[in-house]
Amino acid sequence: MEQELKTIYEVQLLESNIINNEKKKLIGPKKIEEMDRELEELKKKAEKEKAVIDELEKERRKKEKDLGVEKDRIKKIEAKLYEVKTNKEYQALLKEIEMAKEEIDKTEEDIIILMDRTEDLKKEYDSVLEHMKKRENEIKVEKDRLLNELANIDKTLEEIKKQRDQLLKNVSEEIRSTYLNLIEKREGLAVVNVKNGVCLGCYMNIPPQLFIEVTKNNRLITCPSCNRIFYFVEDI
Ligand SMILES: [Zn+2]
């Protein structure tokens, strides 16, 4: 009986391994999809920020050109100052120069504001790029790991199932049917350990006398609360 209990416990370990691998098989492709989406979103964010920076720089270059035009205009007006005949004309030209200078001041202020904003955005853009690069590397490693795992998972599952079925043949009909029934009803967990008098399947206390019996592993004992089969393993 002790050997049979040990065997059914080993079957359970394989069963848990199968469940674990089936979960991975289900979750793996979703994780990969999620990571691809994350990178795609980071790329879009970076592109958006770059477009705003480009737009601001274009605007700055246009303002700088305007500045040049305005400065040329002042030079031309100043040249005319020597040619005018009347004071009225002279005053009119001075007024024009003054207005052009005001225009220049305003444009220069605009350029400074544009440069400040561009500088801030560039810092932000750099940090987005840095974060993207870091995530790209991390995701590549994780994706490779998952893809490798998924590539072998069917073969792994097949092997573990074969081992499980083989071991199941080595136990009595009573234990096998109890086991299979519990696997069905107890979400894949049929054989459990007991630690400090607590069932590790349902976490209920079991009577001290029963616990002593369980530690002997010499007969089929099931949990009074969850009906799972007990197999005692020390120090787990
Ligand atoms: Zn229990």
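Reply: L5 is the residue to start from: it is buried, because 22 other C-beta atoms lie within 10 Å, and a residue counts as buried at 20 or more. The model is a predicted one, and what follows should be read as a description of that model.

L5 sits in helix α1, which covers residues 2–80. Apart from its neighbours within four places in sequence, L5 is in contact with N217 and Y231. V171 is another reference point for L5: the two are 166 residues apart along the chain, and their C-alpha atoms are separated by 8.2 Å.

N217 belongs to the loop between α4 and β4. With 18 other C-beta atoms within 10 Å, N217 is partly exposed, whereas L5 is buried. N217 is not a glycine, yet its phi is positive, at about 55°.

N227 is partly exposed, with 15 other C-beta atoms within 10 Å. R228 is also placed in this loop, which runs between α4 (208–216) and β4 (229–230). R228 is buried, because 22 other C-beta atoms are found within 10 Å. Leaving aside neighbours within four places in sequence, the contacts of R228 are L182, R186, L189, A190, V191, V192, C199, G201, T222 and C223. For C199, the separation along the chain from R228 is 29 residues, and the C-alpha atoms are 8.8 Å apart.

Two packed helices are described by the angle between their axes and the distance between the axes. For α1 and helix α3 (residues 173–185), the angle is about 25° and the axes are 11 Å apart. That angle makes α1 roughly parallel to α3, because the label applies to angles under 35 degrees. The crossing of α1 past α3 is right-handed. The residues that meet are E4, I8, V11 and E15 on the α1 side and I175, Y179 and I183 on the α3 side. Sorted by class, this contact has five nonpolar, no polar and two charged residues.

E184 is also in α3. E184 counts as exposed, with 10 C-beta neighbours inside 10 Å, since the limit for that class is 12 or fewer. From E184 to L146 the distance in sequence is 38 residues, and in space it is 29 Å, C-alpha to C-alpha.

The other helix to consider against α1 is α2, residues 87–168. Here the packing angle is about 165° and the axes are 4 Å apart. α1 and α2 are therefore roughly antiparallel to each other, as angles over 145 degrees are given that label. The crossing of α1 past α2 is left-handed. By class, the contact of α1 with α2 has 34 nonpolar, nine polar and 36 charged residues.

The wider setting comes last. The protein chain has four helices and four strands, and the order along the sequence is α-α-α-β-β-β-α-β. Its radius of gyration is 40 Å, while a compact globule of 236 residues would have one near 18 Å. Along the principal axes, the C-alpha atoms fill a box of roughly 125 × 40 × 25 Å. Buried residues make up 9% of the 236 in the protein chain, and L5 and R228 are both classed as buried. Among contacts between residues at least 6 apart in sequence, 73% join residues at least 24 apart.

Methods:
Residues numbered from 1 in each chain as written. Predicted model: local features only at pLDDT ≥ 70, side-chain atom pairs only at ≥ 80, totals over all residues. Helix = DSSP H or I, 4+ residues; strand = E, 2+ residues; numbered from the N terminus. Contact = placed C-beta atoms within 7 Å. Axes fitted to C-alpha atoms, helices over the stretch in contact; angles between N-to-C directions. Parallel < 35°, antiparallel > 145°, perpendicular 65-115°, else oblique. Left-handed = near helix turned anticlockwise from the far one by under 90°. Nonpolar A, V, L, I, M, F, W, Y, C, P; charged D, E, K, R; others polar. Rg over C-alpha atoms; globule rule 2.2 N^0.38 Å.
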